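Visitor: Could you walk me through this one, going from one part to the next?

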Amino acid sequence: MNKTYKIMTFGCQMNENDSEKISGLLKNMGYTPEEDVNKAGVVILNTCSVRENADVRVFGNLGTFKSVKKVNPDLVLAVCGCMMQQPEIVKKIKEKYPQVDLVFGTHNIHQFPQMLGNYLQRGERIFEIWDDSHEIIEDLPVDRKYPFKSFVTIMNGCNNFCTYCIVPYTRGREVSRQPEKIIEEVTRLADEGCLEVTLLGQNVNSYGNDLKTGYHFADLLRDLNQIEKIKRIRFMTSHPKDLTDEVIEAIAQCDKVCPAIHLAIQSGSTRVLKAMNRRYTKEQIIDLVDKVRSRIPDVAITTDIIVGFPGETEEDFQDTLEVMRACKFDSAFSFIYSIRTGTPAATMENQIPDEIKHDRLNRLLDVLRDISFGLNSKYEGRVLPVLVEEPSKNNSDRLSGRTETGKLVNFEGSFENIGKIVNVKITKAGSFSLTGVEI
Ligand code: SAH
Ligand code: SF4
Ligand code: F3S
């Protein structure tokens, strides 16, 4: 029997972390990784629904497996992730993609080994999806990509129902892990040599609210900061409405908590923010960013922006540009609004034509490039601690790593230091990365 596997992951870090768990489960069953889909015994597509192009890519990939299965008839094709929490998508797969053998969702990853076993025994297609989950399944094995840095999911789901977003429907309601479980996991990682953890949740600032014990995100940061061998603690994402003074204070006071906040604002127009159900205003964003910058010197603040939300006028878009200039975000992911069936915004009037969306995106990118370049140039000549990650993507004679503020640095240095924190002198700043030499 061919006990090899390949996982293809789409979407966010949450999905990447889930794929690490699926990989861990498969390794426990005696499977080994295989890069080539034509040779693998099991292929798993872990899907994302956040924007339409993610859907399109997954269906494109599924299409190609018709011919892969002709060459490799014993291949087991499994599909999981956020798209599988949408009944209409599952129906389409059932009816039109017979090459898919196994389907599971975001809430029942732990059942995968059993499902695979059943499939291999009986050869009948299996579709098993849960609507929601009320507790987090602990102690799944995790096959981590890097020994020196790790994702740690601290909560699942989202309660915010931003009107454009599919995530609350695909990931269910917020469920926080018990703090002891998180502390235990991070302590174990540290003992195994991990230096950096990234705490994951759709809105980490509301961590603990559902536990109803009075233990919140700031408490978790303070507790994790005590774990001796951990050197860096990152977290994402932060929702502006929940970034409280307590959290800002904890970030400022905890030496290992990196001064880097991914604060997704989505728009700078109070009117659009209201229609998005984001629950803050243009002025509140500017005040919050000012407060964070004055309390945490040298902090890097990054964001997400959506252009072309239904009804967004040129004036609304100008508000977004104004907020970008006022807040000087270190970098931003910008997205064109994508209609997600089942969300309130999908049926709103005044959907924005594609040309206008593209034009706004391009204008936003121009502004962002200038801001990032301006902010990055202040690093020139400075010496910064960098966690060395791997050979640089565009020049394998060099290394790449990240500063505490999360900036990508490409530099000349010793390959023996991969996985360690070294000092790098920054020689040149670009809009998207820094260049330097290890000293
Ligand atoms: N929970 C995170 C984000 C999850 S989705 C947060 O609230 O910050 C990642 C990003 O995708 C969002 O921040 C948003 O900018 C973008 N996004 C979500 N739905 C979208 C849609 N329908 N169209 C375009 N971008 C979208
Ligand atoms: Fe989506 Fe909003 Fe929840 Fe983020 S906070 S996952 S954008 S609903
Ligand atoms: Fe995509 Fe699901 Fe993440 S929709 S962005 S993979 S939570």
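Guide: The shell around ligand 3 is made up of four nonpolar residues, three polar and one charged, where Ala, Val, Leu, Ile, Met, Phe, Trp, Tyr, Cys and Pro count as nonpolar, Asp, Glu, Lys and Arg as charged, and the others, Gly among them, as polar. This is a predicted model, in which local features need pLDDT of at least 70 and side-chain atom pairs pLDDT 80 or more, while totals for chains, interfaces and linings use all residues. Residues are numbered from 1 along each chain as its sequence is written, chains are lettered from A and ligands numbered from 1 in the order in which they are written, and side-chain values use heavy atoms, with hydrogens and water left out.

Visitor: Which residues surround ligand 3?

Guide: Ligand 3 has Cys12, Asn15, Cys48, Ser49, Val50, Cys82, Arg171 and Gln202 around it, each with a heavy atom within 4 Å.

Visitor: Which residues does UniProt list for "binding site"?

Guide: The unreviewed UniProt entry lists Cys158, Cys162 and Cys165, though such annotations may be inferred rather than shown by experiment.

Visitor: Is Cys158 buried or exposed?

Guide: Cys158 counts as buried because its relative accessibility is 9%, buried being under 20% relative accessible area and exposed over 50%, with a 1.4 Å probe and protein chains only.

Visitor: And what is Cys162 in contact with?

Guide: Apart from neighbours within four places in sequence, Cys162 is in contact with Met276, Asn277 and Arg278, contact meaning heavy atoms within 4.5 Å.
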